[in-house]
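Morning, everyone. One chain today, and I'll keep it brief. Have a look at the screen.

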Amino acid sequence: MGLNSKVLTRRKKGSAGRQKARQTLRRFDRHIADRRDDARHKATTRLVQNHGLLGIEDLNVRAMTASARGAVAEPGRQVAQKAGLNRRMLDVAPGEIRRQLTYKAGWTGRIVIAIPPAYTSQDCSACGMRGHVARGERMFACDARGDEMDRDTNAARNIRAGDQRLRPPDRR
Ligand SMILES: [Zn+2]
């Protein structure tokens, strides 16, 4: 629970103090959302300015955010963990980042290619063998070669490799 939420629950229901705390909390939430929106736009503009070819994972964002609760007959497992992940996903808003990259790339003739995400995190970008995610999910461990690298770097290299495969030969 955030600092502002705590203040809100301490205030008496219907009181002027509670009303004011609610307003402050709303303002704070909007401020955070504006900051995120701004950071997102700056990041996508920078990416499009600095790269001619952008490869992204073709994530089905809606499916990822909807899956945590599960059906009534079959309640989702690890609901708390997944809900946490989904909240972080929504904060980062991959769908919006993809949308911005696509239209900004269109302005300047950049190319955006979405790569199927299957195994981009599990496969070793150096030797192609299956590995596993290690050390609090930050590192990728290659089972074949026995060394580690940054998880995002490994996935990005796999996306780049998939990108090369999808392009016509004369544009590689
Ligand atoms: Zn390897």
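What is the mean pLDDT of the chain, and what share of its residues reach 70 or more? The mean is 77, and 69% of the residues reach 70 or more. pLDDT is the predictor's confidence in each residue, from 0 to 100.

Two ground rules. This is a predicted model: local features need pLDDT of at least 70, side-chain atom pairs count only at pLDDT 80 or more, while totals for chains, interfaces and linings use all residues. Residues are numbered from 1 along each chain as its sequence is written.

Over residues 68–75, pLDDT stays under 50. The model has 9 contacts for that stretch beyond four places in sequence. Contact means C-beta atoms, placed from the backbone, within 7 Å.

On to the helices. These are DSSP runs of H or I, at least four residues; strands are E, at least two; both are numbered from the N terminus. Expected span is 1.5 Å times one less than the number of residues.

Helix α2 covers residues 16–50. Its 35 residues should span 51 Å, and the end C-alpha atoms are 51 Å apart, so the two agree. How many of its residues are buried? The count is 2, so α2 is hardly covered, where buried means 20 or more other C-beta atoms within 10 Å, exposed 12 or fewer, and partly exposed in between, with C-beta atoms placed from the backbone.

Helix α5, residues 94–108, reaches 21 Å, close to the 21 Å expected. Just after α5, Gly 109 takes a positive phi of about 70°.

Last, Ala 126. This residue is in the loop between β2 (111–115) and β3 (132–134). Ala 126 counts as partly exposed because it has 15 C-beta neighbours inside 10 Å. Beyond four places in sequence, Ala 126 contacts Cys 142 and Arg 145. Ala 126 and Arg 145 are 9.3 Å apart, C-alpha to C-alpha.

Notes:
Two residues are in contact if their C-beta atoms, placed from the backbone, lie within 7 Å.
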